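The sequence and coordinates follow.

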Amino acid sequence: MSHSARPADQRSALCDALDAVVPTAPTLCEGWTAHHLAAHVWLRENEAWTVAPAIALRQSGRIERRLEHVRRHHAYADLVGAIRRGPAGLSPFRLPGAESLANTIEFFIHCEDVRRGSGVITPRPLDLALENLAWKRSAVMGRLFLRGCPVAVWLQRDTPGSEPVRIGRGPDIVTLAGRPSEILLYLYGRRSAADVDVIGEPAAVSVVERARPGF
């Protein structure tokens, strides 16, 4: 069964992945266990009004302290159950359209953080709507995440006849080829786990692979 672009489906997939591992399971998020990731998702949805200003003011220490507080004071199973039920109270994620806009890709990526962090390397079957959404997001986020990269990067999806998307300028060219969802994972920094063909001269490929995502 393929997974759809409906945010509810991606929410379920993320929670299923979290339920399938122990709280201390590693993830693709450096330094984070599954419990850290669950706390992050819960905090993002349920304390958005306090987290957003801290992000805007680049108060990463404040966010990390709050994340650690949530992780220490909320059992893993309770956090996963709360995520499965969805945000409560006055969360902006309950506004019409917010779930689709903000969570579909977020949950897809974090689901893969859990799955692939625990050693599952087979990509999930995704429907065309989700792949198309990932392709649109790749074009947008690629320009953000690779800004300042001195190498021109071409994104090439695996659909026959699809036109590539060019990111940046430079005398050297590197092509990222594969399923849009896998290209998106690569752009979001999950490079070692993404099933993407990275094509170009070794020196140019090295520059792209060392580039830090711009978030």
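Contact here means heavy atoms within 4.5 Å. The model is predicted.

**Helix pairs**

Two packed helices are described by the angle between their axes and the distance between the axes. The table gives both values for two pairs.

| Helix pair | Residues | Axis distance | Crossing angle |
|---|---|---|---|
| H1 and H2 | 7-19 and 34-46 | within 11 Å | roughly 150° |
| H6 and H7 | 98-117 and 128-145 | within 11 Å | roughly 95° |

The axes of H6 and H7 cross at roughly 95°. Angles of 65 to 115 degrees count as roughly perpendicular, so H6 is roughly perpendicular to H7. From H6, the contact takes in Leu101, Thr104 and Ile105, which meet Leu130, Leu133, Ala134 and Arg137 of H7. Sorted by class, the residues where H6 touches H7 are 5 nonpolar, 1 polar and 1 charged.

For H1 and H2 the axes cross at roughly 150°. Angles over 145 degrees count as roughly antiparallel, so H1 is roughly antiparallel to H2. The H1 and H2 crossing is left-handed. On the H1 side, Arg11, Leu14 and Leu18 take part, and they meet Ala34, Leu37, Ala38, Val41 and Glu45 in H2. This contact of H1 with H2 has 6 nonpolar residues, no polar ones and 2 charged ones.

**The sheet**

Strands of a sheet pair through backbone hydrogen bonds, either parallel or antiparallel. In this model, 4 strands form an open sheet in the order E2-E1-E3-E4, and the pairing is mixed. Strand E2 (165-167) and strand E4 (197-199) are at the edges; each has a single partner strand, so one side of each lacks a neighbour in the sheet. From one strand to the next, the twist averages 20°.

How many bridges join E3 and E4? Strand E3 (residues 173-178) pairs with E4 over 3 bridges, in the antiparallel sense. Leu176 has Val198 in E4 as its bridge partner.

**Helices on the sheet**

Helix H8 (residues 180-187) packs on the sheet and touches E1, E3 and E4. The direction of H8 makes about 130° with that of E3. H7, the partner of H6 in the table, lies across strand E1 (152-157) and E2. Relative to E1, H7 runs at about 175°.

Definitions and conventions:
Residues numbered from 1 in each chain as written. Predicted model: local features only at pLDDT ≥ 70, side-chain atom pairs only at ≥ 80, totals over all residues. Heavy atoms only, no water. Axes fitted to C-alpha atoms, helices over the stretch in contact; angles between N-to-C directions. Helix = DSSP H or I, 4+ residues; strand = E, 2+ residues; numbered from the N terminus. Parallel < 35°, antiparallel > 145°, perpendicular 65-115°, else oblique. Nonpolar A, V, L, I, M, F, W, Y, C, P; charged D, E, K, R; others polar. Pairing = 2+ DSSP bridges. Left-handed = near helix turned anticlockwise from the far one by under 90°.
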